[in-house]
Amino acid sequence: LRRNRIVDFIQLNISNLAGVPSIVYGLLGLALFVRWFSLDRSILAGALTMSLVILPMVILVSQEALRAVPKSYREGSLALGATRWQTIRRQVLPSALPGVLTGVILSLSRAMGETAPLITIGAVTYISFVPKSPMDKFTVLPIQIFDWSSRPQKGFHDAAAAAIIVL
């Protein structure tokens, strides 16, 4: 990809977004998804907010994985008569896939542990039902663990321990 001012500007902003605290993403999700798109305080609004949290990291890791593919792979494929698309599809992407998947897994693990943006958009502290649709109210696992561990019954402590292992 040729470097120009627009690409440099986008790259700079993606790098900056990777360092933004997650609570700021929660405020963005509250303004954008809950209020502007009128998704209320739903699972869908939470999922979209968390996708904003992990998107910069996925983009940066994917870029690095693609850059890590040796230039000789591209040159060799093109020298053997492959088109640019064939080179990308059959040489570059398969070589970069392990790095991209590692980045996605790390990003998803970060999203699983995040609580602040979801509290900001309105995750409730306790629900006594299993959500049935993307528009239902929700809670997050760290809040649920805290709630269960603060109860006096042993069964809740067992559930909290199991949830901690899952988290």
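I began with the largest nonpolar core, which has 16 residues. A nonpolar core is a set of buried Ala, Val, Leu, Ile, Met, Phe, Trp, Tyr and Cys residues joined through side-chain atoms within 4.5 Å. Those with the most contacts inside this core are Ala45, Leu118, Ile121, Phe138 and Val140. I then noted the elements that give two or more residues to the core: helix 2 (22-36), helix 3 (43-67) and helix 6 (116-121).

The model is predicted: local features need pLDDT of at least 70 and side-chain atom pairs count only at pLDDT 80 or more, while totals for chains, interfaces and linings use all residues. Residues are numbered from 1 along each chain as its sequence is written, and side-chain values use heavy atoms, with hydrogens and water left out.

I looked up Val140 next. Leaving aside residues up to four places away in sequence, Val140 touches Thr115, Leu118 and Ala123 (contact means heavy atoms within 4.5 Å).

I went through the elements of the chain and found eight helices and zero strands. Helices are DSSP runs of H or I with at least four residues, strands are runs of E with at least two, and both are numbered from the N terminus.

I checked burial: 28% of the 167 residues of the chain count as buried, meaning under 20% relative accessible area with a 1.4 Å probe, protein chains only.

For the overall form, I noted that the C-alpha trace spans about 70 × 35 × 30 Å along its principal axes. Of the contacts with a separation of 6 or more, 61% come from residues 24 or more positions apart.

How values were computed. Buried < 20%, exposed > 50% of the residue type's maximum accessible area, 1.4 Å probe, protein only.
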